[in-house]
Amino acid sequence: MSFKEFKKELNGNRIEGELVRTIFYSLITSFIILGIFYYFRFKSINNFIPTYGFYLFFIVLSYALVVPTIRQIRAYKKMACMGGMMVGMTVGMMSGFLAGYFIGATNGMFIGGVFGMSIGIFLGIWMGSCCGIMGIMEGTMAGFMGGWMGAMTAVMLINDNLKLASILIFIVCAVILFSLNYMIYLETRKEERQLKEDHFITIIISLILTLATALIMVYGPRSALF
Amino acid sequence: MVVSKNTWFGILILISIFLVGFFVFSQGSSVAQNNIDPNKEFQVVKLSVEGGSYVMSPSTLKKDVPVRIEADMTKMPGCSKSIVISAFNVRKNLAEGANTIEFTPNKAGTFNIACSMNMYKGSFTVLEDNGSSPVYVESTSTTTGPIAESSCGMANGGGCGCGG
């Protein structure tokens, strides 16, 4: 029954009712910033869309799924230990894996691993801090592991079906992140919202993540094979 | 029927994904191509993988004469397409249409060729200036001495573990 309630809340007045809107704002922010950069800078790069377009498209979709979770967690500020650990681990692992995977696919394992690890650890710590040191540690470990694992997976798939695997990986991560939204709802449905904010943080995070990813993908260092 | 605000946002999300996706996918994917200079003289070497090892034919090369390795992509499984010849700073991902590697062997000896994960291995020899066999043999991190017989573990009944 609670999943039906969650579905109802996606159109309700709680933070869950803002998730769809947050995805929209994140997507639009990322697409606009990429569009601007494409028009002024990337367009002149030979074979830009065939080389980077697919991966940039999917990393933007990935960020659009991570950002609403960040907003949902921020709305409740504090969570119980078990829930907070799960939050830190899932956000750290998923964001690290996806960032590492898509950068690893274009720039190689080292830069993909470092970038994925940085994003994963940063978001893992930030989100995990809702339950104190346990969540922070969980976020750190998951971000570290996810980042390197994502880059490694991409590099190992280069001579196989990398693009098809990207779609499958994205779908699985989307299901996991959506499940996390549901879990947070279950953990907090009896609580009052602690933080009411506008979409400034959604836009800023989407902008920073998209910009950093695109610039590193196009202008960042590469491994010898790339 | 009243359509909620979030339903409209959902529709807008799908439309924006469709539009951007259409733009990205309509541009196609990059196709690798060989960049061959027809006027240059090369020693042409055929490369394939047999029993987990790289096989180069011929495997003996002249020093200071440019080499063009032409890989048989039907016999290059998994990660064997990512070639590394560290002695001559050669690193390349081979693909259909981009199956050649060009370099100039400017030192004599027996050198290693391996995949980027160091699973598929092989070797070739660059002769001295006077055509004699070289003394130098490049060592590997996993084997000692000449590696002409080295192979991926799977050739000996083990598992390669690199997608090959």
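**View 1. Strand 4 of chain B (residues 67-71) has a covered face made of B:V67, B:I69 and B:A71, and an uncovered one made of B:R68 and B:E70.** Helices (H or I, at least four residues) and strands (E, at least two) are DSSP runs numbered from the N terminus. This is a predicted model, in which local features need pLDDT of at least 70 and side-chain atom pairs count only at pLDDT 80 or more, while totals for chains, interfaces and linings use all residues. Residues are numbered from 1 along each chain as its sequence is written, and chains are lettered from A and ligands numbered from 1 in the order in which they are written.

**View 2. Strand 4 of chain B has partners in strand 1 and strand 7.** Two strands pair if DSSP finds at least two bridges between them. With strand 1 (residues 43-50) of chain B, strand 4 pairs in the parallel sense over 5 bridges, and here B:L47 has B:A71 as its bridge partner. With strand 7 (residues 100-103) of chain B, strand 4 is joined by 4 bridges and runs antiparallel.

**View 3. Strand 8 of chain B (residues 109-115) is largely enclosed by the rest of the structure, because 6 of its 7 residues are buried.** A residue is buried if 20 or more other C-beta atoms lie within 10 Å of its own, exposed if 12 or fewer, and partly exposed in between, with C-beta atoms placed from the backbone. Strand 5 (residues 82-85) of chain B runs antiparallel to strand 8, joined to it by 2 bridges; B:I83 stands opposite B:C115 of strand 8. Strand 9 (residues 121-126) of chain B also pairs with strand 8 in the antiparallel sense, over 6 bridges, and B:I113 has B:G122 of strand 9 as its bridge partner. Strands 8 and 9 of chain B form a hairpin with 5 residues between them. In the turn, B:N118 has a positive phi of about 60°.

**View 4. B:A114 sits in strand 8 of chain B.** This alanine, B:A114, counts as buried because it has 24 C-beta neighbours inside 10 Å. Residues up to four places away in sequence aside, B:A114 touches B:V84, B:Y120 and B:K121; two residues are in contact if their C-beta atoms, placed from the backbone, lie within 7 Å. For a sense of scale, B:K5 is 109 residues from B:A114 in sequence and 58 Å from it in space, C-alpha to C-alpha.

**View 5. The largest nonpolar core has 68 residues.** Such a core is a set of buried Ala, Val, Leu, Ile, Met, Phe, Trp, Tyr and Cys residues joined through C-beta atoms within 7 Å. Touching the most other members are A:Y55, A:L56, A:V60, A:V87 and A:F102. The elements of chain A that give two or more residues to this core are helix 2 (19-40), helix 3 (48-76), helix 4 (81-107), helix 5 (109-128), helix 6 (133-157), helix 7 (162-188) and helix 8 (200-219). Helix 3 of chain A supplies the largest share, 16 residues. Zooming in on A:Y55, and leaving aside neighbours within four places in sequence, we find A:Y55 in contact with A:F102, A:A105, A:T106 and A:M217. A second, separate core has 22 residues, including B:Y54, B:A71, B:I101 and B:M119.

**View 6. Helix 5 of chain A is largely enclosed by the rest of the structure, because 15 of its 20 residues are buried.** From first C-alpha to last, helix 5 of chain A reaches 26 Å, close to the 28 Å expected at 1.5 Å a residue. That expected span is 1.5 Å times one less than the number of residues.

**View 7. Chain A and chain B meet through 23 residues of chain A and 22 residues of chain B.** On the side of chain A that touches chain B, helix 2 and helix 3 of chain A are the elements that give two or more residues. Helix 2 of chain A provides the largest share, 7 residues. The residues on this side of chain A divide into 15 nonpolar, 6 polar and 2 charged. Here Ala, Val, Leu, Ile, Met, Phe, Trp, Tyr, Cys and Pro count as nonpolar, Asp, Glu, Lys and Arg as charged, and the others, Gly among them, as polar.
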